[in-house]
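Thank you all for making the time this morning. I would like to walk you through one model, slowly, and with the criteria stated as they come up.

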Amino acid sequence: MTAENLENDLGPVSAVIVLAAGGGSRMKSAKSKLLHEISGKTMLHYAVSAGAALNPDHLVVVVGKYREQVIEHLGQLSTSVTTALQEEQLGTGHAVLCGLAQLGELSGEVVVTYGDVPMLTGDTLRRLVAVHRANRNCATVLTAHVEDPTGYGRIVRDGDRVVGIVEHRDANPEQRDINEINSGIYVFDVETLRAGLAGLGTDNAQGEQYLTDVVESAHQRGDRVGALVTDDIWQTEGVNDRIQLARINAEMNRRILDSWMLAGVTIIDPGSTFIDVDVDLSRDVVLLPGTILQGATTIREGATIGPDTSLRDVEVGAGAEVVRTHGSLAIIGDGAHVGPFSYLRPGTQLGRNGKIGAFVETKNAVIGEGSKVPHLTYCGDAILDDGVNIGAGTIFANYDGVNKSPTHVGKGAFVGSNSVLVAPVDIAPGAFVAAGSAVTEDVPAGGLAIARGRQHTVEGWVAKRRPGSKADTAAGAHDGSIHPAVAESRSQQKG
């Protein structure tokens, strides 16, 4: 059977061992380098997911430094794993020994991968196992050809067989000219792996037990060792410092953007657009420059996002527009409009054709269909039914220093500008709140609440207190008439 046929009908492997014990000192970080993220997921998450694609009987993660952090993170993943402790980092061969010690008797194949190679995919591991089985290898290594192999282990071949892997520090000048490099990712038959590990020494520049020596010992015993050459060098790239982390992040993001553009999403400026791996977009979505979509954000058909917008775990409905906005754990309905300069905090739900406008902050607010919170408002712990209009400068005073309480604004109600709604308070359907009111009591349906002091006007105050000022000059020149626009509005209101 060919490798392609085997890949399509691939049975499980006995074990996958993910090496994740290194300290990652070059990251200069207080957390394990494996917990740094690429496109919204940790490097370790990618490694575990790739290994799980093989449906192994056992999935083991070898931990060392920062093991408490790593084990806690593994507990948050959906994949069930076993951990093995490598107390001292004595090399990759020693790390695999630590992993095998957790498994007891095994038969079949063991796949070895790394926790810091985030672009390695489950599909590539499946191809690696398929090639291993099709060629009846005892060991198979994933390799790649690179222009500059400096620093990498070199693959030494005899025809189509691999006879050894030489680390860069230990390579002679002829071996350093080889441009086929070792990824450090292998499939071993269990017997070959155990036999090779039993004979490991430390006669090398690092004084460590190299897993690569298992390959050479297998060849010397007459076992067949093969290779799968990948044409995607990024799948062999590890992350050791923040420069490499940024490079991998950029490449992963480029691939995500390309896949969405091919699926019918318009991205105006890919250079300033970032999309996490779990984001879901529909066709005819338009992403303007400066858009950042994170977590489990979903954008439905025909919506426009940006410019300068970041959304995390936000649902955006079809045809909605979100402009210069930051939002998290929020829902935006079909045809709704948000922004510019809006802040949607967790629990925000904006209904169909609703509006959250400029310099508005919402939190735990359910805003009904067609309702509008257009400008300069804090709307927290609020329930706004359909067709509500909230005037500029309104504050939903939801916190009394001890408790947070809700405010309800009924269907078709109107709240005038510069009002304060002191929760808990209920404004019934069709009610009005006069501008500048501080509402502390419920407002009945169809009623008008006016909660402000009466205006007191002092005639001639400017002439007495500011004589000779610009205001005094302007007042002296005024004929006492009311501006036509105000007069017309009053006339219409009386009529």
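What we have is a predicted model, in which local features need pLDDT of at least 70 and side-chain atom pairs count only at pLDDT 80 or more, whereas totals for chains, interfaces and linings use all residues. Residues are numbered from 1 along each chain as its sequence is written, and side-chain values use heavy atoms, with hydrogens and water left out.

The protein chain is divided into domain 1 (3-236), domain 2 (242-449) and domain 3 (461-486), with bounds that come from an automatic or database domain assignment. The centres of domain 1 and domain 3, taken over C-alpha atoms, lie 85 Å apart. The chain holds 12 helices and 39 strands, which are DSSP runs numbered from the N terminus (helices H or I, at least four residues; strands E, at least two). Its radius of gyration is 33 Å, well over the 23 Å that the globule rule gives for 495 residues, so the chain is more spread out than a compact globule; the radius is taken over C-alpha atoms, and the rule is 2.2 Å times the number of residues to the power 0.38. Along the principal axes, the C-alpha atoms fill a box of roughly 110 × 50 × 45 Å.

How many salt bridges does a search of the whole structure find? It finds 17, each being a side-chain nitrogen of Lys or Arg within 4 Å of a carboxyl oxygen of Asp or Glu. E251 forms one with R254, the closest N and O atoms being 2.7 Å apart, and another with R255, also at 2.7 Å from N to O. E251 and R254 both lie in helix 9 (residues 242-262), three residues apart, while E251 and R255 are four residues apart in helix 9.

Is E251 buried or exposed? At 9% relative accessibility, E251 counts as buried, whereas R254, at 40%, is partly exposed; buried means under 20% relative accessible area, exposed over 50%, and partly exposed in between (1.4 Å probe, protein chains only).

A further salt bridge joins R352 and D334, with the closest N and O atoms 3.5 Å apart. Both residues lie in loops between strands, so the pair ties together parts that are 18 residues apart in sequence.
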